[in-house]
Protein chains: 2
Amino acid sequence: MSTDRRPEGPPAQGGAAFLLAQLGSHAARLFADRIATLDLTPPQAGLLRMLAASPGRSQRELADDLGMPPSRFVPFADELEGRGLIERRKNPNDRRSHALYLTEKGSGLLAELREVGMAHERDICAALSADEHRELVAMLRRVAEQQGLTLGVHPGYRSA
Amino acid sequence: MSTDRRPEGPPAQGGAAFLLAQLGSHAARLFADRIATLDLTPPQAGLLRMLAASPGRSQRELADDLGMPPSRFVPFADELEGRGLIERRKNPNDRRSHALYLTEKGSGLLAELREVGMAHERDICAALSADEHRELVAMLRRVAEQQGLTLGVHPGYRSA
DNA sequence: ACATAATCATTACAACTCAGAACGATTGTC
DNA sequence: GACAATCGTTCTGAGTTGTAATGATTATGT
């Protein structure tokens, strides 16, 4: 009976913040495992999605959004380019910057990536009904918005 | 109107799995910032909680639970011991292993840590009412359980 | 009982990752 | 037309990470 004295809400290890950290880490690791099938890491998948959403941006902008320094972005983009998934084009207006685009091969891989993402979503939320699933997403969106997080790519990726 | 063609549920970047990863990373980083006030990192806070919950365990067990190799656990425990927060005692039954315990000073810091954790919880869930908060925790618990996650410490910590 | 294998904590070490400084090319500013 | 700023890139140093080797102790097998 000594551990039963809780004057307030849930303790730290059972609170929502801890559960979010725990589940977020779990979901990210599982996703990384899944897309390893396509020889992709989470940051690489993020870049493909970003290029599909808004093509032709400069490397610096993309690096900023991914939360990685420009120096690290270079070999990062090199590999994707070497695999023929993305393409660097000279910007005629500003010959310093390279505009990045998705190749056809990259678009094809992105399609596979989306399927993997949907399977991942189903797997993570297997414990919930369809209604509960919608409810959870709605709540998480509100929390994310109130916390000032931008919808889309987040910089908490892990390199592996 | 061109971006409105969604044959199925929420896409990858707006799904629950992605939101969990995004929010989890955010919550973990915010928590790390908060406990930096107490000169603690998330793994250090995790160890203090583990020692309060079950004292006298061996270093290897604790290292396993924290997801860190034993070689890295040694300097990790050294610092906490040097600050007088934990204590290594020789196990009389097995003189190879060291049993770890929380000191009084460590217990005191843990109390402060709990307060920080509660403030953190309130902050993260500021967008939700009390009812919604309970609802969210219940859902997350179910998801975590179905995913086979053990309540308590998770190995997705960040060293900083 | 005695040799051998296994376990714990620790140390030593090598590989890898990462961010910031420095650099040439190009562009904007005044 | 000089000077500062920006982009992509390379280089380098610090920091981190896991694996292998070590010494002490304990378990196992015969």
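Two residues are taken to be in contact if their C-beta atoms, placed from the backbone, lie within 7 Å. With that in mind, this report describes a predicted model and begins with the way its two chains meet.

**How the chains meet**

Of the interface residues of chain B, 100% are also interface residues in chain A, so the copies meet through the same surface. To this contact chain B contributes 47 residues, and chain A contributes 47 residues. On the side of chain B that touches chain A, the elements giving two or more residues are helix 1, helix 5 (104-124) and helix 6 of chain B, and helix 1 of chain B gives the most, with 13 residues. The make-up of that side by residue class is set out below.

| Class, side of chain B that touches chain A | Number of residues |
|---|---|
| Nonpolar | 25 residues |
| Polar | 15 residues |

Chain B is superposed on chain A by a rotation of 179° with 0.0 Å of shift along its axis, and the RMSD is 0.1 Å. The two copies are thus related as by a two-fold rotation axis. Among the residues of chain B, B:Gly24 comes closest to the rotation axis, with its C-alpha at 2.2 Å.

**The nonpolar cores**

The largest nonpolar core has 50 residues, of which A:Ala16, A:Leu20, A:Leu140, B:Ala16 and B:Leu20 touch the most other members. In chain A, two or more residues each are given to this core by helix 1 (16-35), helix 2 (42-53), helix 3 (59-66), strand 2 (98-102), helix 5 (104-124) and helix 6 (130-146), while in chain B the elements that do so are helix 1 (16-35) and helix 6 (130-146). Helix 1 of chain A supplies the largest share, eleven residues.

Leaving aside residues up to four places away in sequence, B:Ala16 touches A:Glu121, A:Ile124, A:Cys125, A:His133, A:Leu136, A:Val137 and A:Leu140. A second, separate core of 15 residues includes B:Ala45, B:Leu47, B:Leu51 and B:Leu66.

**A helix pair within chain A**

Helix 3 of chain A packs against helix 4 (residues 70-82) of chain A at an angle of about 105°, with the two axes 9 Å apart. Because of that angle, helix 3 of chain A is roughly perpendicular to helix 4 of chain A. Helix 3 of chain A makes the contact through A:Gln59, A:Arg60, A:Leu62 and A:Ala63, and helix 4 of chain A through A:Pro70, A:Phe73 and A:Ala77. Sorted by class, the contact of these two helices of chain A has five nonpolar residues, one polar residue and one charged residue.

Methods: Residues are numbered from 1 along each chain as its sequence is written. Chains are lettered from A and ligands numbered from 1 in the order in which they are written. This is a predicted model: local features need pLDDT of at least 70, side-chain atom pairs count only at pLDDT 80 or more; totals for chains, interfaces and linings use all residues. A nonpolar core is a set of buried Ala, Val, Leu, Ile, Met, Phe, Trp, Tyr and Cys residues joined through C-beta atoms within 7 Å. A residue is buried if 20 or more other C-beta atoms lie within 10 Å of its own, exposed if 12 or fewer, and partly exposed in between; C-beta atoms are placed from the backbone. Helices (H or I, at least four residues) and strands (E, at least two) are DSSP runs, numbered from the N terminus. Copies are superposed by least squares on the C-alpha atoms of residues with pLDDT of at least 70 in both. Axes are lines fitted to C-alpha atoms, for helices over the stretch in contact, and angles run from 0 to 180 degrees between N-to-C directions. Angles under 35 degrees count as roughly parallel, over 145 as roughly antiparallel, 65 to 115 as roughly perpendicular and the rest as oblique. Ala, Val, Leu, Ile, Met, Phe, Trp, Tyr, Cys and Pro count as nonpolar, Asp, Glu, Lys and Arg as charged, and the others, Gly among them, as polar.
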